[in-house]
Amino acid sequence: MSAPAENLKINSDRLWDSLMEMAKIGPGVAGGNNRQTLTDEDAEGRALFQKWCEDAGMAMGVDKMGTMFMTRPGEDPDALPVYMGSHLDTQPTGGKYDGVLGVLGALEAVRTMNDLGLKTKHPIVVTNWANEEGARFAPAMLASGVFAGMHSLDYAYGRADLEGKTYGEELKRIGWQGEEEVGARKMHAYYELHIEQGPILEAEGKDIGVVTHCQGLWWLEFTLTGTAAHTGSTPMPMRVNAGLAMSRIFEMVQAVAMENQPNAVGGVGQVTFTPNSRNVLPGKVVFTVDIRTPDQTKLDAMRAKIEAEAAKICEALGVGCSVEAVGHFDPVTFTPELVSNVRNAAERLGYSHMDIISGAGHDACWAAKMAPTTMIMCPCVDGLSHNEAEEISKDWAAAGTDVLLHAVLETAEIVE
């Protein structure tokens with residue numbers, strides 16, 4: 001089969017208009033979006049996406065986790081579908097492109113196929129994975145994790161938000177609980193377009209990131225137990241200070257990450273003090289250490305050292321320490337054939353490109369356990385993401401979607 005012609009490109013105006021229209025749903029307070037999983041805003045965004053897909057001739061399926069699968073038929077009824085997509089849910093202070101570009105870029109690829117009357121041997125499915133962010137219901141990538149057999153449906157339904165509302169209850173409330181068994185679908189391949197969420201592509205002046213690997217991750221939730229006591233009247237030698245233990249663990253995590261350079265990161269983004277009063281030493285501190293690297297051996301060693309050193313720090317201060325792993329996936333090596341399809345598409349289209357490792361987790365990490373998988377990345381301004389100021393250019397969005405279109409057509413096989 002011949003490769004798609006180099007002049008085959010998507011309608012960049014239509015793609016950009018779709019991104020801006022979706023961004024009107026669940027607007028943030030500072031120009032971005034707050035369209036968290038299973039909120040009314042999520043339901044509204046889903047309905048708009050459904051309409052657009054059905055207008056493009058696709059048929060909808062929804063599984064019991066609320067993931068949406070929009071299918072464009074293929075010419076061979078026995079051929080497995082080629083999937084592409086990402087997620088429409090956002091962080092509480094999220095941007096307009098994280099995840100959304102991958103979903104609406106996939107829709108635009110199908111719209112372009114329709115415009116040009118292109119037929120493929122394999123069906124094509126545009127996917128909106130539920131609860132990728134994990135901002136409201138931890139862990140992240142929850143629905144794709146159930147799809148890949150990493151979590152049970154009961155576990156996912158029981159995940160609760162900060163108000164105690166569960167995933168299962170809220171999925172029913174917004175009317176998006178499907179009948180389809182999670183993971184019953186078989187994939188020929190899976191492609192995911194995403195903004196980089198880091199500064200490398202922009203700094204290097206590249207249009208396209210050819211994603212070869214995805215970092216492995218551990219989220220380690222520490223609960224430190226001290227003694228709540230008056231900050232003014234408790235003598236220094238008599239304090240059991242969970243806050244002090246926390247600060248020493250933070251420094252230790254930084255040191256462990258630096259010891260494992262290159263290609264390793266570690267840090268803390270969320271802390272809860274109890275009672276969280278300015279003149280009371282905390283009786284309890286809960287925080288999550290986030291460590292990532294594409295090297296499995298390094299990832300395991302970092303976790304082991306952090307847990308061992310944290311225990312020593314707490315013991316020296318008389319502070320209780322418990323650790324729970326609340327998020328994890330192993331490093332992923334994406335499928336070389338699909339990675340080559342992406343690289344070849346970028347070259348054919350004349351876009352500058354470089355190989356890159358994804359620093360963030362994505363639904364593609366779980367899809368890779370089910371089928372040949374890869375990702376495509378486009379730059380984002382200053383590498384900023386999970387922030388309402390997240391920004392990309394119209395040209396970057398178009399380039400990434402052009403490459404997605406070409407790579408998917410290569411795999412789905414154009415029928416002359």
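This is a guided tour of one predicted model, stop by stop, with what to select and what is there.

Residues are numbered from 1 along each chain as its sequence is written, and side-chain values use heavy atoms, with hydrogens and water left out. Because the model is predicted, local features need pLDDT of at least 70 and side-chain atom pairs count only at pLDDT 80 or more, while totals for chains, interfaces and linings use all residues.

**Stop 1: the annotated binding site**

Select Asp-98, Glu-133 and His-386, which an unreviewed UniProt entry annotates as "binding site". These residues span 289 residues in sequence, yet no two of their C-alpha atoms are more than 9.6 Å apart, so they gather at one spot. UniProt positions are given in the numbering used here, feature names are shortened, and annotations may be inferred rather than shown by experiment.

Start with Asp-98, in the loop between strand S3 (82–86) and helix H3 (100–116). Helices (H or I, at least four residues) and strands (E, at least two) are DSSP runs, numbered from the N terminus. Asp-98 is buried, at 4% relative accessibility. Buried means under 20% relative accessible area, exposed over 50%, and partly exposed in between (1.4 Å probe, protein chains only). Not counting residues up to four places away in sequence, Asp-98 touches His-87, Asp-89, Glu-133, His-194, Ile-195, Gln-197, Ser-385, His-386 and Glu-390; contact means heavy atoms within 4.5 Å. With the side chain of His-87, the side chain of Asp-98 makes a polar contact (3.4 Å). A polar contact is a pair of N or O atoms within 3.5 Å; within protein, one must be able to donate a hydrogen and the other to accept it, and residues adjacent in sequence count only if both atoms are side-chain atoms.

Now move to His-386, in the loop between strand S16 (373–378) and helix H12 (394–412). His-386 is partly exposed, with a relative accessible area of 41%. Its side chain makes a polar contact with that of Asp-98 (3.2 Å). Not counting residues up to four places away in sequence, the residues that His-386 touches include Gln-91, Thr-93 and Glu-133.

**Stop 2: helix H12**

Follow the chain into H12, which has 19 residues and reaches 26 Å from its first C-alpha to its last, close to the 27 Å expected at 1.5 Å a residue. The expected span is 1.5 Å times one less than the number of residues. Of the 19 residues of H12, 16 are buried, so the helix is largely enclosed by the rest of the structure. After H12 comes Glu-413, with a positive phi near 70°.

**Stop 3: salt bridges**

Arg-348 lies in helix H10 (residues 336–349) and Glu-410 in helix H12, so the pair ties together parts that are 62 residues apart in sequence. Arg-348 is partly exposed at 22% relative accessibility, and Glu-410 is partly exposed at 27%. A salt bridge is a side-chain nitrogen of Lys or Arg within 4 Å of a carboxyl oxygen of Asp or Glu.

The whole structure has 19 salt bridges. Another one to select is Lys-64 with Glu-181 (2.6 Å, N to O). Here Lys-64 is in the loop between strand S1 (59–62) and strand S2 (68–72), and Glu-181 is in the loop between helix H6 (167–173) and strand S6 (189–195), 117 residues apart.

**Stop 4: aromatic rings**

Ten aromatic pairs are found in the structure. Select Trp-129 and Phe-147, an edge-to-face pair with 5.2 Å centre to centre and 80° between the planes. Rings of Phe, Tyr and Trp (its six-membered ring) pair if their centres lie within 6.5 Å; planes under 30 degrees apart count as stacked, over 60 as edge-to-face and the rest as tilted. Trp-129 is buried at 2% relative accessibility, as is Phe-147 at 4%. Tyr-190 is in strand S6, 61 residues apart from Trp-129, and is buried at 0% relative accessibility. To see the cluster linked by ring pairs, select Phe-69, Tyr-83, Trp-129, Phe-147 and Tyr-190 together.

**Stop 5: the annotated domain**

Finish with residues 215–314, which the unreviewed UniProt entry annotates as "domain: Peptidase M20 dimerisation". The end C-alpha atoms of this span lie 29 Å apart, and the span is 37% helix and 34% strand.
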